[in-house]
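The sequence and structure follow.

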Amino acid sequence: MEKKTFYITTPIYYPSDKLHIGHAYCTVATDTIARYKRLRGYDVMFLTGTDEHGQKIEAKAKAAGVSPQEFVDRIVTGEKGIKDLWKLMNISNDRFIRTTDDYHVQSIQRVFRKMYDNGDIYKGKYSGKYCKDCESFWTETQLVDGKCPDCGRAVQDAEEEAYFFRLSKYAKPVQELLESGTFLEPASRVNEMINNFIKPGLEDLCVSRTSFTWGVPVDFDPGHVVYVWVDALYNYCTALGLYNDRYHDFDKYWPADVHVVGKEIVRFHSIIWPAMLMSAGLPLPKKVFGHGWLIIDGGKVSKSKANNSTNVIDPYILSEKFGVDALRFFLLRTFPFGSDGNFSNELLISTINTDLANDLGNLVSRTTAMVEKYFGGVLPAERRADPMDEELKAMLRALPEKYAAQMDVLQPHLALEEVFRCIQRANKYIDETMPWVLAKDEANKPRLAEVMYNLVEALRICLICLTPFMPESCDKALEQIGAQGCRAWDDTAYGALAGEIRVHKGETLFPRLDLDKTLAELEEISRRSKAPKTEPVLPDVTIDEFAKCDMRVCKVLSCEAVKKSEKLLKFQLDDGSGTPRQILSGIHKFYEPEQLVGKTVVAILNLPPRKMMGQDSNGMLLSAVREVEGKEELHLMILDDSVPAGARLC
Ligand code: MSP
């Protein structure tokens, strides 16, 4: 029998900067659902990728002095870029689309032409409020306090010749779609869409631009590039081969089972996207799921917060410190999928300690240690059950269905709750059955074996359910309990593990963390990662060579700007010799002359005299310099005033 297919997608992310924990949250959630569906036997297509065109990327590339393609290549495929990140985080995407891929560009040109040919795209003039950062035009009524309703930044008036998509024509069928069934979830988002966007009147959508060039060119009207959202949304189809020869599984996987997206782009996915598909006569996706935001310091985790918050939000740093699985787990265990959640490093550490180190980790280590201690690592088949086992067994028998019911409706946090209820129950079962007491009497061996078996089964069933969340750690734990060959979905039935069971205590999977120490370490890693890279140390010099430099402490007697020079300051210095020394220094960009009078500075005196702007300079003042984000930063070396003029540096 052919497997049932399941097509799931993440948004395609803007490679305008490094991704943060918010992007990782969405991708990890989608990955976990994809892995769960594979576990259930589906033929899964999991797509993610990058949305590489648009004005913002064009501007950022320009600022960085590289071409837009070079700029996005660096962020997407460069070292520690987006692809590396997903690899590190064990993301199991089947495909990765970049909107700059040739096949996609070609498909978009064809899509655009088709929409034009069928009369749903027409030429007009656009004037409106445009948010450069979100690449969105807004109507006056949609603005919040005159600012972009999504990101809160200033908008600008913009007008240009543009093509429009007849979005208004689809208002009714889109509203019907939203109101019927479960197309958009969570359900609370349906009213938001209808009240905020459809009821006030859906306006036609501007779908081309002439004000920038970094986009898919409209092939029948040079000068226009396709508006990024048409380019972006269609990725879900082009990545399967729609209107291109690169892939050939559009018929197999389309329509998508679910587009997982953040709540700020639900509008694009639940109104504009279905309307475009209706226009193209293509089937509609079955579901759009709008998840909530991770929040820090009261606002959405964002690229700009990466440098301003005390919380570390770089998924590379967090993965390095806590392990990929612990991070993946935390994201889905803590925040109800669909609602906003307050992210903090404290919460991350306490979740790891409570759920992973205490509950799960302890159950693994206690169980394996006891089987080793009492049975030399091999559980005998002869076992004796007791009515006191029934409660745990009943919970385990019910778990797969309860877990699946939550996973099927994209509520991973509730699925995890079911699993952890069983893990906690199993830990309690150890205290109730007191294996260490049973072990004292040889006659209790069959009973002890049953207790151990139940613990192994509890672990095994829970670990199978946890595999989509923490693939690597669950593999290791299943191996430790001798269940590597009994881990398919059908094996979640209690009792599936039969015959001789070989158990061994392995490495501690989730060590307990000291909160304060870990926070301090995290801060240190973050500080180091933000610190500008220093230049490599120069080749060695001998002490004799060094000693040839006559560096002395000097007092600034006077300081003035050199006329007609933007850079130069002229200093008269007391170098301890009794005769004032004149030195010119190009530091006016960093200091005003009056700031420096009276200061104690350092100069090298035995450089050959030179003329600058016609004036003599006898030596050079020493400064500390470094480059920060392409800009030179300079600090004149200023010493404690108690250091006397003429003292030598050695
Ligand atoms: N390129 C568009 C999407 C086009 S899809 C056809 C885009 N890109 S983005 O880089 O801004 O990524 C947006 C997505 O990243 C959000 O929809 C969400 O899934 C995720 N997140 C970004 N910040 C987030 C949080 N602070 N919290 C949770 N998810 C976050 O929009």
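Entry 1, ligand shell. I looked up the residues around the ligand and found 25, with Ile12, Asp51, Glu264, His291 and Leu294 the closest; a residue is near a molecule if one of its heavy atoms lies within 4 Å of it. The model is predicted, so I note its terms: local features need pLDDT of at least 70, side-chain atom pairs count only at pLDDT 80 or more, and totals for chains, interfaces and linings use all residues. Residues are numbered from 1 along each chain as its sequence is written, and side-chain values use heavy atoms, with hydrogens and water left out.

I sorted the shell around the ligand by class and recorded 14 nonpolar, eight polar and three charged residues. Here Ala, Val, Leu, Ile, Met, Phe, Trp, Tyr, Cys and Pro count as nonpolar, Asp, Glu, Lys and Arg as charged, and the others, Gly among them, as polar.

I searched for pairs of N or O atoms within 3.5 Å. A polar side-chain atom of Glu264 is 2.8 Å from an oxygen atom of the ligand. A backbone N or O atom of Gly262 lies 2.9 Å from an oxygen atom of the ligand. For Val301, I found a polar backbone atom 2.9 Å from a nitrogen atom of the ligand. The ligand taken alone exposes 670 Å², of which the protein buries 96% (Shrake-Rupley method, 1.4 Å probe).

The ligand takes up the space of the second largest pocket. On a 1 Å grid over the protein atoms alone, a pocket is an open set of points where a 1.4 Å probe fits, with protein on both sides within 12 Å along at least five of seven lines; lining residues have an atom within 4 Å of a point. A molecule sits in a pocket if more than half of its atoms lie within 2 Å of its grid points.

Two or more residues of the ligand shell come from each of β1 (5-13), α1 (21-39), α8 (228-233) and α9 (235-238). Helices (H or I, at least four residues) and strands (E, at least two) are DSSP runs, numbered from the N terminus. The largest share of the shell, four residues, belongs to α1.

I recorded about 1000 Å³ of space in the second largest pocket, a volume being the space filled by probe spheres set on the grid points, which are joined across faces, edges and corners. Its lining has 39 residues, with Tyr14, His23, Glu264, Lys300 and Lys303 nearest the centre. By class, the lining has 17 nonpolar, 12 polar and 10 charged residues.

I found a cis peptide bond from Glu185 to Pro186, with omega near -10°. The bond from Trp254 to Pro255 is cis, with omega near 5°.

Conventions. Polar contact = N/O pair within 3.5 Å; in protein donor to acceptor, adjacent residues only side chain to side chain.
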